[in-house]
Amino acid sequence: MQTKIDKFFPPAAPAKPPVDHVVASSKLRGFAPSARILKGSMAGCGFTAEFVVDIMNTEGKGFTTCKLLSSAYAISDSQIKHEPVDGTAETAPLLDEQDAQDEIVILYGFYCLMTPKTGQFRIKLDFQVPCTLSEAKALLKLEVPRATTTELSFTVPEPDVAINVTPAVDVRAVKSPQTADKSVVACVLPVCTNVQVTWVPKTVMQQLKAEKQEKAYRLWLQRGADLQQEESHKRKERVRLEEKKWAEVITQMEKGKKDAHRAQIEREEKERRDQELEDLADRERQQEKVVTAGVDILVGLLSGHIVLQYFVNFTVTAGVVDYFECLVPDGHGSAVSANALQDNSRRKAKLTVVDITGSCLEKWETIMEAGVGMRIRLFTKEQKMNSTTRFVIQAEMETAATSYCLRMPAMRCMVPHCSRVKGYIGVRSHLTNIQVRPMTTTALLIIDNTELPDNMNKMKGILHAYRFIIPTYALELEVTQHNDMAVVAAVVEKAVYVITRSENKVLYKLKLQIANTNMQFAKLLMPSPDCTLWTLTVNSEAVKPAVDGGGSVLLPLLNNHTGPFNIEVVFQMVDCAMSTDTSNNHNLTLHFPTLDIPINHLLVSVFLPEKYHYAEFRGDLLECENGWSCSELLSGEKPPAPVYSGGGYPNVEICAARSYQKKKKAAFLSTPSFGFRAKRAEATFAGVKPMQVDTGNVTQGKNFLFERLFVENQPMVVEVEYRAEKRKEKRRLQEGSGCLSCCTVM
């Protein structure tokens, strides 16, 4: 029966809902990180949102998406709870028949709920919303989904903070023992998508309001005083004219006419006075002068004084201006030494304006007022509206102590009315022994050196940088000047000594590669007072030698900061003759000159006569196993290969390869007729430039090389034992014949 009924009267199809989903309710709880947000800082407010979303029929669609929040926010945690139509709850993500699950995804710039299911979803999201600073107020903008009911609560971790929510209905402050140290508001929002929350401490609001009222009151007093003075002057003038006029009228008019005329004059005077007051008010409104100022301050810390540069930019926003006045308040620019800090006393450092420059500046003056400060008045050409005037004020402060606490001198614009003051502060010092540490930074924002204006960030030595937007800032610096450390002003990077000895003469050739910063002379102490200077050149140019009271030769140095320079010295010393005894060993001592500046690397090449055998050298220098040529030593090239195997005896093969002509020349150089054995030349003069001597032809004999690192103002000696060689043959002229014969000499 029921089948027949259903056949003729089929059941009605279920009604299709008009929308896929509905946000039934949303609850938002916000938490501010602080009551005060600095301009330019990246701050975020934490929010916890609870949404109730009803998903209707999804037949034929598969998945349903519901917009929740903007993707500009950062979600830190999320939780989804599903209640199907049958009433069972699912707290964990479940898979349906087609392996699909509920997720929070990002679509078209929004965080969305995506699900293939129907029923009620309870979604909890924790996210962060960025906040900014606008007109001394912290500003937060929030986008929320359209919901049937929307509730919002916001908490600031500081009491007495004014919180405003727009749009909102029934905003109320929450007072409880748990929120005694906080500021909490709760409200109900109408159906909207954009919510704006602002908050500011009441102390800041009161301070801004008080400053504004004080400026308006001072301006009102000044205008009232000017009007009163002008009105008094006009009143006296009118009284004088009236008295003069009435003196003439009284004599000409009767008593009745006099009263009528007086009433007429009073009416005319009243009308004229009202018209003058109205004209004065119109003239003042037209001549109102307003400027905006930008003050960039560069503080240079030097030894004993401080240099300050104020880069002031005035922009006229109303009226015509031909006069500016700045004020450095009394109490600014003070310095406290280390002793004064212990006594809690402050010494006022005198700020002196040295110079003021500007493109349209005509003249300037400074006036000191007790209890007020220093007024700096700048007289310029007429500056019309939207014109910018730039001034550079140079000032100095003296500091008696090397370590002190400096309070930064601030500068305020007094005339005309300044609507806004902002700027930068840079602290710099070229001295490397000055240490600067900030102590107090009130109403200042610490910035990077690269954020300073172009005229300041290109300067070297910037230590600290700040930015301010109100002129009532305060900056105190602790400055400590340390003692300078003694350093080496000159050093010999490489020194090459080439020493050639004959029988009783020693020829020294010194080539020094010197780096110098501040020394005038280097002292060279020769091995003996009987030494004769032959050549002294600086960078291949001959110079006049000088000697001090101790007998040291003064070598002139170049103050060359770009690189080292060369000095070459050649001198001769008379010494004892070497023994020709072939049966016994004898001792030979080599003395070296002494320099009063350090030597990094010393290379010594010694040439000794060839007709002797030499043992091991001992003394202050280390003998090298490699053999360099004289030119290689002077040029600084690396030796190619070792020549001596060690000790004082040369290689046998090398000795055998030397030619007879070379031996003959060396023997000739050691004869008494050559200049080494001659007496000291008498043609020596003081005060003239020495000649440049080429010593390449006298560097003959057995060559020995020595080396030492880090020689510092100390005498050096090298000793060696030697023995004369035995000559096997001696040429002799036989008697009665004209030929030579050789005989053996034992």
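Is S552 buried or exposed? At 11% relative accessibility, S552 counts as buried, where buried means under 20% relative accessible area, exposed over 50% and partly exposed in between (1.4 Å probe, protein chains only). A quick note before the views: this is a predicted model, in which local features need pLDDT of at least 70 and side-chain atom pairs count only at pLDDT 80 or more, while totals for chains, interfaces and linings use all residues. Residues are numbered from 1 along each chain as its sequence is written, and side-chain values use heavy atoms, with hydrogens and water left out.

**View 1. The whole protein, as eight helices and 47 strands.** Helices (H or I, at least four residues) and strands (E, at least two) are DSSP runs, numbered from the N terminus. Of the 746 residues, 37% count as buried. Take the contacts (heavy atoms within 4.5 Å) between residues at least 6 apart in sequence: 76% of them join residues at least 24 apart.

**View 2. S552 in its loop.** Here you're looking between strand 35 (546–547) and strand 36 (553–556). Leaving out residues up to four places away in sequence, S552 touches K523, L524, L525, A546 and V547.

**View 3. T150 and its partner S26.** T150 sits in strand 9 (residues 149–156) and is buried, at 3% relative accessibility. Its side chain joins that of S26 in a polar contact of 3.3 Å. That term means a pair of N or O atoms within 3.5 Å; within protein, one must be able to donate a hydrogen and the other to accept it, and residues adjacent in sequence count only if both atoms are side-chain atoms. Beyond residues up to four places away in sequence, T150 also touches C187, V188 and L189.

**View 4. Y497 in the largest nonpolar core.** A nonpolar core is a set of buried Ala, Val, Leu, Ile, Met, Phe, Trp, Tyr and Cys residues joined through side-chain atoms within 4.5 Å. A second, separate core of 46 residues includes V295, I297, L351 and C418. In soluble globular proteins, nonpolar side chains tend to be buried together.

**View 5. K509 and E568, a salt bridge between two strands.** A salt bridge is a side-chain nitrogen of Lys or Arg within 4 Å of a carboxyl oxygen of Asp or Glu, and the structure holds 21 of them. In this one, N and O are 3.5 Å apart. The pair links distant parts of the chain: K509 belongs to strand 31 (residues 505–516) and E568 to strand 37 (residues 565–574), 59 residues apart. K509 is buried, with a relative accessible area of 14%, and is also in contact with Y497 from the previous view.

**View 6. R437 meets E478.** This salt bridge spans 2.2 Å, N to O. R437 is in strand 26 (residues 434–442) and E478 in strand 29 (residues 474–481), 41 residues apart. Both ends are partly exposed: R437 at 45% relative accessibility and E478 at 26%.

**View 7. E230 and K234 along helix 2.** These two are four residues apart, about one turn of the helix. The closest N and O atoms of their salt bridge are 3.4 Å apart. E230 is partly exposed at 29% relative accessibility, and so is K234 at 25%. Zoom out and you'll find a network of salt bridges that links E230, E231, K234, R235, R238, E269, R272 and E276.
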